[in-house]
Amino acid sequence: YLSHSLCNVRRGTGTWFPVGNELREGDAFFFDIGCYGHLGYASDMARTGFVGDPPKPVRTAYTRLLEALHVGEETARPGTPASEVHTAINRYLEGEGLPITPYSTGHGVGLRLCELPTIHRADRMGRDDVLQEGAVIALEPETGAYVDGRFVLLKVEDNYVVERDGVRRLTSAPYYEPS
């Protein structure tokens, strides 16, 4: 069953519903959907979409966001502290001159949608769990760009299983491919 279905249009982080908004040419929107399926196991994903072609600063930030996700994938290995994955993602975003993800960049997924390990700063967690082989995690970086004085929030999220040599993506939904 569906656990949550959130959509954000022209609102900053923490305001998850598009109440009163109409989509316009160039708008970015994202949705975050969680489901429970076979034997009660959860899944959680997010995608950003666009109405028409996004403005260049948004397109650039989105391309960098996908690269930040890739940095997280490359960092997530068995035995890696969760905070190192978080730091790698945000270090990349910051190095590109983009806003960092202000909260955790991921979490465990299992019989609950959000479980340990929390992928966040070490000083924001009770303990800095290391990634374990066989664990399922979600990576969900976000960033954004300013267009005409307005902040445009961008987000992606995928589920992965932690394997001996790294992570394998479980989410099969495609990403928007900027032209």
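Is glutamate 96 buried, exposed or partly exposed, and what is its relative accessibility? Glutamate 96 counts as partly exposed because its relative accessibility is 36%; the class runs between buried (under 20% relative accessible area) and exposed (over 50%), with a 1.4 Å probe and protein chains only.

The model is predicted, so local features need pLDDT of at least 70 and side-chain atom pairs count only at pLDDT 80 or more, while totals for chains, interfaces and linings use all residues. Residues are numbered from 1 along each chain as its sequence is written, and side-chain values use heavy atoms, with hydrogens and water left out.

**Salt bridges**

The whole structure holds 10 salt bridges, each being a side-chain nitrogen of Lys or Arg within 4 Å of a carboxyl oxygen of Asp or Glu. Three of them are tabulated here.

| Salt bridge | N to O distance |
|---|---|
| Aspartate 32 and lysine 155 | 2.9 Å |
| Glutamate 96 and arginine 64 | 2.9 Å |
| Lysine 155 and glutamate 140 | 3.0 Å |

Glutamate 96 sits in the loop between helix H2 (82-95) and strand E4 (106-108), and its partner arginine 64 in helix H1 (residues 56-75), 32 residues apart. Helices (H or I, at least four residues) and strands (E, at least two) are DSSP runs, numbered from the N terminus. Arginine 64 is also partly exposed, at a relative accessible area of 28%.

The salt bridge of aspartate 32 and lysine 155 links distant parts of the chain: strand E2 (residues 28-36) holds aspartate 32 and strand E8 (residues 150-155) holds lysine 155, 123 residues apart. Both of these residues are buried. Lysine 155 also meets glutamate 140 in a salt bridge. Glutamate 140 lies in the loop between strand E6 (136-139) and strand E7 (142-147), so its pairing with lysine 155 in strand E8 ties together parts that are 15 residues apart in sequence. Glutamate 140 is buried, as is lysine 155. Through shared partners, salt bridges join Asp32, Glu140 and Lys155 into one network.

**Aromatic pairs**

There are 4 aromatic pairs in the whole structure. Rings of Phe, Tyr and Trp (its six-membered ring) pair if their centres lie within 6.5 Å; planes under 30 degrees apart count as stacked, over 60 as edge-to-face and the rest as tilted. Tyrosine 62 and tyrosine 176 form an edge-to-face pair, because their ring centres are 5.7 Å apart and their planes stand at 65°. Tyrosine 62 belongs to helix H1 and tyrosine 176 to the segment after strand E10 (166-169), 114 residues apart. At 0% relative accessibility, tyrosine 62 is buried. Ring pairs link Phe50, Tyr62 and Tyr176 into a cluster.

The pair of tyrosine 146 and phenylalanine 151 is tilted, with 5.1 Å from centre to centre and 55° between the planes. Tyrosine 146 is exposed at a relative accessible area of 59%, whereas phenylalanine 151 is partly exposed at 24% relative accessibility.

**Nonpolar cores**

A nonpolar core is a set of buried Ala, Val, Leu, Ile, Met, Phe, Trp, Tyr and Cys residues joined through side-chain atoms within 4.5 Å. The largest one has 30 residues, of which Val58, Tyr62, Val85, Ile137, Leu139, Leu154 and Val156 touch the most other members. At least two residues of this core come from each of H1, H2, E6, E7, E8 and strand E9 (158-163). H1 supplies the largest share, 8 residues. A second, separate core has 5 residues, among them Ala42, Val109, Leu113 and Ala138.
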